[in-house]
Amino acid sequence: MVQNGKRIYIFDTTLRDGEQSPGVSLNSDEKLAIAQQLARLGVDVIEAGFPIASPGDFSSVSRIAKEVKGPIIAGLARTGEADIKSAYEAVKHAERPRIHTFVATSKIHMTKKLCKTEEEVKEMVAKYVKMAKSLVDDVEFSAEDAFRSEIPFLCEVFTLAIDAGANVINIPDTVGYATPWEFGEFVKAIREGVPNIDKAVISVHCHNDLGLAVANSLAAVRNGAQQVEVAVNGIGERAGNASLEEVVMALYTRRNYLGFSTSINTRELYRTSTMVSRLTGMRVQHNKAIVGKNAFAHEAGIHQDGVIKERTTYEIMNPEMVGISSNKLVLGKHSGRHAFKLQLEKLGFNLNEEILEKIFNEFKALADRKSEILDEDLITLVDNEMFADSEQVYELNHMRVTLGTNITATSTIGMLVQGKPVEEAACADGPIEASYAAINKIVKLPARLESYNINAVTHGKDAQGEVVVRVAIDGKTFMGRGLSVDIIESSVRAYINALNKIVRAQPELLQERQ
Ligand code: KIV
Ligand code: ZN
C-alpha cells in the first residue's frame, strides 16, 4: 500500500512468539504456508522460529529461509555460541537473513534466572552480538524484560550491542507491564541515552497482559521506534503480542494524525488472520478489532439506518480495506469448473490443475450436502486439501451412530489403520463420547481429550460445523480439526486428525502398539 509518512517496519513473530501460545503447534507445511502468506501481506521481517529449540523448529526455519522470498527471515538465538550458530545455519539461505539474539537485562531476570552479574551480561552481549555479526550483516539484539530494567544499565547494554554490530535494538515489554505514557517516555529515554543510536533501528515488542500491547506499541512509535514486533491475531505467550492487524490499521486509519506508513497490503489482513486462526486452532473472538466476525456488523437499527444512508456515520474503516468482501459469491451444485476456479482466484488461490481437480471434486461432494457454497466453505476446502495429512496412519472409513433421548448412545467406527480395516463399537452418554471411545479402542493410544470446540463455518442451517480438539499425550498437546455438515462426523474427523499428528510426531507410539 502506497502511503506517505515515516515508514514503520513490521516485524512479524507469529511463527515464533505466536507459536509459543499454549496449545499451538504447527507443522512445517503449515509454517511455510503462513510464512508465504505473510510475504504476500508485505511484512518486512518474518521471525520464522527459534532454531535451537528443536530439530523441527530448525528445519522449518531453514525451509522458510530457502523458499520464502521478499521479507527478511530472522531466527531467534540466546546469547550463546550454539544458539547463534544454529540460527545462522537455519537462516543462511534466505535472501536477507537476520540473527535475532537476546539476553535478559532486568535485575530480577539477571539474578534469579540467569544468575549473572551486570558485568557478565554486558560481556555476553558484546561477545555474542559480535559473533552473530561475523556470520550475517543483519543482527537484532533484544534486552529481554527491558521495560523492568534500569534505564542507565539498559543504555549501556544497547550502546555495547550497537558497537558490536547490532543494527536493530529491541525494547521488549516482556511481561506486558507498561502503560502507553510510560512506555513512550521509556523509548524516548533510550533514544536519548544511547550515544550511537543513530546507527540502529529502534524496535519494540509489547506483550498484552494488561490489554495495552497495541497502545504501547503506538506510543513507542510516536517516541522514535521504527520497528514494531507483532503477531497475527495478537497470539503469543500468555495474553499474546501486539496484534499485527490492529497496529497496522491504527497506523493506516489515523495516518493524518500519526504521520506513519507501513508496507502492508491491508487487503490481505483478513485472509492472513483466517489462515492463522485455522491452522493454530486459536479462534478469533467475535468482537476482535479489525478481523472479528462482528468488527463490521451493525446490529442496532439506528446504526444500520445510518450506515445505509452514509457508511461513514458508523464506520471508520471500510471492510474491503482489510479484505472482507461484501460480495460473497454463492456457488452451488450446478456451478462449473470455470466459476469455481474464478472464485478461488478472487480469493487469492492460484492452484495447479491437479489440486484444483481434487478440490473441485470435494466441492461437488459438499454441494450435494449443502445448497450454497460460500467463500468460507471454499477457503476451508482449500485448507483441507493443502494441509491434508499426506501420510495418514489413521483414516475414517465409515461410522454408524445411534442416539436419542433416554437411550445410551452407541457408535461403531470403521477405520483404516495403515491401510488395514478395523472396526470397533462403544457406548456412552453422548454420540461424540461414544465415537471417541470406539476410536480409542482401535488406536490404543494413552491420549486424553483436553478441549473440544465447535463452530459453524458459515451461516444457515446447512452450515458446515468445524470442530477443533486438543488432545494431550505425554505432556504434549496436539490440535486436530474436522469439518463436515454433520457435526458428529466433524468431531470424529477432528479427533482422528489429532491422532495422526501424534503418531507422526512420535512414531514409536505406533510401533509399541503393533
Ligand atoms: O518477550 C520477549 O522478551 C521476547 C524476546 C525474545 C524478544 O519474546
Ligand atoms: Zn515476546
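## A guided walk through a predicted model

Leaving aside neighbours within four places in sequence, V194 is in contact with C155, F158, T159 and I162, where contact means heavy atoms within 4.5 Å. This residue is found in the loop between α7 and β8 (201-206). The names of helices and strands come from DSSP runs, numbered from the N terminus: helices are H or I runs of at least four residues, and strands are E runs of at least two. V194 counts as buried because its relative accessibility is 2%. Here buried means under 20% relative accessible area, exposed means over 50%, and partly exposed lies in between, with a 1.4 Å probe and protein chains only. One of the contacts of V194, F158, is 36 residues away along the chain, and the C-alpha atoms of V194 and F158 are separated by 6.8 Å.

Before we go on, a word about the model: it is predicted, local features need pLDDT of at least 70, side-chain atom pairs count only at pLDDT 80 or more, and totals for chains, interfaces and linings use all residues. Residues are numbered from 1 along each chain as its sequence is written, chains are lettered from A and ligands numbered from 1 in the order in which they are written, and side-chain values use heavy atoms, with hydrogens and water left out.

### Two helices that meet

Two packed helices are described by the angle between their axes and the distance between the axes. Helix α7 covers residues 180-193 and helix α8 covers residues 213-222; their axes come within 8 Å and cross at roughly 35 degrees. The axes are lines fitted to C-alpha atoms, for helices over the stretch in contact, and angles run from 0 to 180 degrees between N-to-C directions. The crossing of α7 and α8 is right-handed, that is, the near helix is turned clockwise from the far one, while a left-handed crossing is anticlockwise by less than a right angle.

Which residues of α7 and α8 meet? From α7 come P180, F183, G184 and V187, and from α8 come A215, N216, A219 and A220. By class, this contact has six nonpolar, two polar and no charged residues. Ala, Val, Leu, Ile, Met, Phe, Trp, Tyr, Cys and Pro count as nonpolar, Asp, Glu, Lys and Arg as charged, and the others, Gly among them, as polar.

### Around ligand 1

Next, let us visit the ligand. Ligand 1 is surrounded by R16, D17, H100, F102, S142, E144, N170, P172, T174, H205 and H207; a residue is near a molecule if one of its heavy atoms lies within 4 Å of it. Polar side-chain atoms of T174, H205 and H207 each lie at a listed distance from an oxygen atom of ligand 1.

| Residue | Distance from polar side-chain atom to an oxygen atom of ligand 1 |
|---|---|
| T174 | 2.6 Å |
| H205 | 3.1 Å |
| H207 | 3.0 Å |

E144, one of the residues around ligand 1, is also among the residues that T105 touches.

### Buried residues to look up

T105 has its place in the loop between β5 (97-104) and α4 (107-114). With a relative accessibility of 0%, T105 counts as buried. Not counting residues up to four places away in sequence, T105 touches M110, A143, E144, A146, S149, F153, L154 and V157. With S149, the side chain of T105 makes a polar contact of 2.8 Å. A polar contact is a pair of N or O atoms within 3.5 Å; within protein, one must be able to donate a hydrogen and the other to accept it, and residues adjacent in sequence count only if both atoms are side-chain atoms.

Is K31 buried or exposed? K31 is buried because its relative accessibility is 3%. You can find K31 in helix α1 (residues 28-41). Leaving out residues up to four places away in sequence, K31 touches L15, E19, L26, D57, S60 and I64.

V503 sits in helix α17 (residues 487-505) and is buried, with a relative accessible area of 3%. Beyond four places in sequence, V503 touches V393, Y394, L445 and L510.

### Loops with a positive phi

Now for two loop residues. R238 lies in the loop between β9 (227-230) and α9 (244-253), and its phi is near 50 degrees, a positive value in a residue other than glycine. R238 counts as partly exposed because its relative accessibility is 43%. N406 lies in the loop between β11 (394-402) and β12 (409-417), and phi of N406 is near 60 degrees, again positive in a residue other than glycine. At 83% relative accessibility, N406 counts as exposed.
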